[in-house]
Amino acid sequence: MSTDRPWDDSVDIAPDPQLVAIAHACFDFARAGDTESLLAYVEQGVPPNLTDATGNTLLMLSSYHGHAETVSALVTLGADPNRTNDRGQSPLAGAILNGADDVVRVLLAAGADPDVGTPSARATAQRLERGDLLPRAD
């Protein structure tokens with residue numbers, strides 16, 4: 001990164017401040033479970049797999065914070081239930097870690113793989129003695 005520019009050297013111009021504000025608002029909506037507001041933006045073109053600076057997607061944030069309705073809406077609009085953040089954590093592992101059983105069910109129905117990520121959702125469930133949340137490994 002250049003010292004005279006606060007953004008990545010792969011771009012020639014600074015990001016549009018309005019777009020940055022929209023992205024921050026969407027991350028806040030995902031954390032808060034404000035499904036209606038978040039979907040209004042996604043339906044107008046915000047990518048359902050939008051990531052923050054640490055690789056957390058909208059789905060990761062809504063899963064981690066236990067918002068099953070938001071999670072369901074995001075996967076319906078194309079959010080990837082197996083996309084991990086920069087630390088290798090999956091939305092499913094985050095939901096298990098925080099005891100969001102309803103989110104776990106939504107993610108599994110959407111095709112979330114219990115063995116994706118580090119630690120995987122399966123390892124997280126075993127550590128927390130919540131193996132009942134996941135299908136048996138074959």
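## Helix 4 against helix 6

On the helix 4 side you'll find A68, V71 and S72, which meet D102, V103, V106 and L107 of helix 6. Contact here means heavy atoms within 4.5 Å.

Two packed helices are described by the angle between their axes and the distance between the axes. For helix 4 (residues 68-76) and helix 6 (residues 101-109), that gives about 15° and 9 Å. That makes helix 4 roughly parallel to helix 6; the cut-offs are under 35 degrees for roughly parallel, over 145 for roughly antiparallel, 65 to 115 for roughly perpendicular, and oblique for the rest. The axes are lines fitted to C-alpha atoms, for helices over the stretch in contact, with angles from 0 to 180 degrees between N-to-C directions.

## What you're looking at

This is a predicted model, where local features need pLDDT of at least 70, side-chain atom pairs count only at pLDDT 80 or more, and totals for chains, interfaces and linings use all residues. Residues are numbered from 1 along each chain as its sequence is written, and side-chain values use heavy atoms, with hydrogens and water left out.

The protein chain has seven helices and zero strands, with helices (H or I, at least four residues) and strands (E, at least two) being DSSP runs numbered from the N terminus. Its C-alpha atoms fill a box of roughly 50 × 35 × 20 Å along the principal axes. Of the 138 residues, 38% are buried, meaning under 20% relative accessible area; exposed is over 50% and partly exposed in between (1.4 Å probe, protein chains only). Among contacts with a separation of 6 or more, 60% join residues 24 or more positions apart.

V103, V104 and L107 are the buried residues in helix 6. Seen down the axis, the buried residues of helix 6 fall within an arc of 105°, so they line one face of the helix; the arc is taken over directions from the helix axis to the C-beta atoms. They pack against helix 3 (58-64), helix 4 and helix 5 (91-97). R105 and A109 are exposed on the other side of helix 6.

S63 lies in helix 3 and is buried at a relative accessible area of 0%. Leaving aside neighbours within four places in sequence, S63 touches V71, P91, A95, A100, V103 and L107.

V75, in helix 4, is buried too, with a relative accessible area of 19%. With neighbours within four places set aside, V75 is in contact with L59 and A110.

Most residues other than glycine have a negative phi, and most peptide bonds are trans. The bond from T118 to P119 is cis, with omega near -10°, and P119 sits in the loop between helix 6 and helix 7 (121-127).

Just after helix 6, G111 has a positive phi of about 95°. E129 isn't a glycine, yet has a positive phi of about 55°. E129 belongs to the segment after helix 7 and counts as exposed at 72% relative accessibility.
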